[in-house]
Amino acid sequence: TAVKPPRKGLALAEERRRMVRIWWREIDRVLLVLIALLMAVGALNRLSDTEAEIKSMRTHADHLGKGAAQAVLNLILETARADGVERLSLETGTSDEFMPAVKLYLKNGFERGEAFANYSNGPHNQCYHLDL
């Protein structure tokens, strides 16, 4: 099979722009937005035209159980749907410290499933999927 030449210049920049997004919702002032970003963060990594991965969901310890992670997940789900993602996947741990996150994902319809991308399921990690 033919090898595709590497993408250069604007094509590569456009591809990277499509893969990485930073979100914020302005509440009142920019200062409040910065505080919100410190409460919880998450990322959406585009794997293909129809598949994406949730990356790096984190909530500051002072804001656990206050809905910050749900708000970030809602925004990721809304964006994925609007962008035509059909399947959203994630990889997370299996130890007790990851159970609040697992409960959040299950509450939002994710189901435990096969490994994806470069991940493998094992004793310390597991994968979840949601068909949108």
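Helix α3 covers residues 68-82, and at 1.5 Å a residue its 15 residues should span 21 Å; the end C-alpha atoms are 21 Å apart, which agrees. The expected span is 1.5 Å times one less than the number of residues in the helix. This is a predicted model, in which local features need pLDDT of at least 70 and side-chain atom pairs count only at pLDDT 80 or more, while totals for chains, interfaces and linings use all residues. Residues are numbered from 1 along each chain as its sequence is written, and side-chain values use heavy atoms, with hydrogens and water left out.

**Overall layout**

- The protein chain has four helices and five strands; helices (H or I, at least four residues) and strands (E, at least two) are DSSP runs, numbered from the N terminus.
- From the N terminus on, the order of elements is α-α-β-β-α-β-α-β-β.
- Of the 132 residues in the protein chain, 28% are buried; buried means under 20% relative accessible area, exposed over 50%, and partly exposed in between (1.4 Å probe, protein chains only).
- Among contacts in the protein chain with a separation of 6 or more, 58% are between residues 24 or more positions apart; a contact means heavy atoms within 4.5 Å.

- The buried residues of α3 include A68, A69, L73, I76 and A80.
- After α3 comes G84, which has a positive phi, near 85°.
- The largest nonpolar core has 21 residues, of which I54, M57, L73, I76, L88 and F110 touch the most other members. A nonpolar core is a set of buried Ala, Val, Leu, Ile, Met, Phe, Trp, Tyr and Cys residues joined through side-chain atoms within 4.5 Å.
- At least two residues of this core come from each of β1 (40-46), β2 (51-59), α3, β3, α4 (99-107) and β5.
- With seven residues, α3 gives the most to this core.
- Leaving aside residues up to four places away in sequence, I54 touches A43, L73, I76, L88, S89, L90 and F110.

**Strand β5 and its partners**

- Strand β5 (residues 125-131) has six of its seven residues buried, so it is largely enclosed by the rest of the structure.
- Strand β3 (residues 87-93) runs antiparallel to β5, and seven bridges join the two; strands pair if DSSP finds at least two bridges between them.
- In this pairing, T92 stands opposite Q126 in β5.
- Strand β4 (residues 111-113) is also antiparallel to β5, joined by three bridges.
- R112 has Y128 in β5 as its bridge partner.

**Salt bridges**

- The count comes to three salt bridges, a salt bridge being a side-chain nitrogen of Lys or Arg within 4 Å of a carboxyl oxygen of Asp or Glu.
- E53 and K55 form a salt bridge, with the closest N and O atoms 3.7 Å apart.
- E53 counts as buried because its relative accessibility is 4%, whereas K55, at 29%, counts as partly exposed.
- E114 forms a salt bridge with R87, with the closest N and O atoms 2.7 Å apart.
- This pair links distant parts of the chain, 27 residues apart: E114 is in the loop between β4 and β5, and R87 is in strand β3.
- R87 also forms a salt bridge with D131, where the closest N and O atoms are 3.8 Å apart.
- D131 lies in strand β5, 44 residues from R87 in strand β3.
- Shared partners join R87, E114 and D131 into one network of salt bridges.
- E114 has a relative accessible area of 47% and is therefore partly exposed, while D131, at 58%, counts as exposed.
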